[in-house]
Amino acid sequence: MSSSGNSYGDIHRYEPARESTVAAIAIVVLTIIEVVMVGLFTYGLVLAWGTTQDGNIFLGMLLAMTFINLAFILLLYRKEFLPDVMIVKKRRRKWEDLYVREEHAEGQEFADGAMEHFKRAVYPYYKK
């Protein structure tokens, strides 16, 4: 579904999520595996498995598998349960991101008024 609105914030394209049952079951299974791996990692930390070389490698691999599993959970969720939405954004001119005001588009002098700023910083009661 698309709209013809061109003003800022209008939805240009909206495709609803698929919301498949297989993806929901896969997310639930991966979440159970995630909880088991986090529990095993915590159990290994409490029993100080990391003090031996093999235990340290095992804990590192377990932590890596935990994050990879979490990545797959988030990937499935984003792909299957979030809608694809494209909105109209405001197009900016090149100088707007670089400068505060349009009159500063060509830049400023390097030491313009530096001595005046220095005098005011050193002598707070300095008058022009």
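**Figure 1. The largest pocket of the predicted model and its lining.** The largest pocket holds about 180 Å³ of space. Its lining comprises Glu15, Pro16, Ala17 and Arg18, together with Arg78, Lys79, Leu82, Pro83 and Asp84. By residue class, the lining divides into 5 charged and 4 nonpolar residues, with no polar ones.

**Figure 2. Helix α2, residues 53-81.** Helix α2 has 29 residues. From its first C-alpha to its last, the helix reaches 42 Å, close to the 42 Å expected at 1.5 Å a residue. Gly55, Leu59, Leu62, Thr66, Asn69, Ile73 and Glu80 are the buried residues of α2, and these pack against α1, which covers residues 21-46.

**Figure 3. The N-terminal end of α2, capped by Thr52.** A side-chain oxygen of Thr52 lies 3.1 Å from the backbone nitrogen of Gly55.

Figure 4. Thr66 counts as buried because its relative accessibility is 6%, and the cut-off for buried is under 20%. Leaving aside residues up to four places away in sequence, Thr66 touches Glu34, Met37 and Val38.

**Figure 5. Glu19, a residue other than glycine with a positive phi.** The phi of Glu19 is near 55°. Glu19 belongs to the loop that runs between β1 (11-15) and α1. With a relative accessible area of 53%, Glu19 is exposed, because exposed means over 50%.

**Figure 6. Ala48, in the loop between α1 and α2.** Ala48 is not a glycine, yet its phi is positive, at about 60°. The relative accessible area of Ala48 is 37%, so the residue is partly exposed; this class lies between the limits of 20% and 50%.

Note on methods:
Residues are numbered from 1 along each chain as its sequence is written. This is a predicted model: local features need pLDDT of at least 70, side-chain atom pairs count only at pLDDT 80 or more; totals for chains, interfaces and linings use all residues. Side-chain values use heavy atoms; hydrogens and water are left out. On a 1 Å grid over the protein atoms alone, a cavity is a set of points where a 1.4 Å probe fits but cannot get out, and a pocket is an open set with protein on both sides within 12 Å along at least five of seven lines; lining residues have an atom within 4 Å of a point. Grid points are joined across faces, edges and corners, and a volume is the space filled by probe spheres set on the points. Ala, Val, Leu, Ile, Met, Phe, Trp, Tyr, Cys and Pro count as nonpolar, Asp, Glu, Lys and Arg as charged, and the others, Gly among them, as polar. Helices (H or I, at least four residues) and strands (E, at least two) are DSSP runs, numbered from the N terminus. The expected span of a helix is 1.5 Å times one less than its number of residues. Buried means under 20% relative accessible area, exposed over 50%, partly exposed in between (1.4 Å probe, protein chains only). Contact means heavy atoms within 4.5 Å. A polar contact is a pair of N or O atoms within 3.5 Å; within protein, one must be able to donate a hydrogen and the other to accept it, and residues adjacent in sequence count only if both atoms are side-chain atoms.
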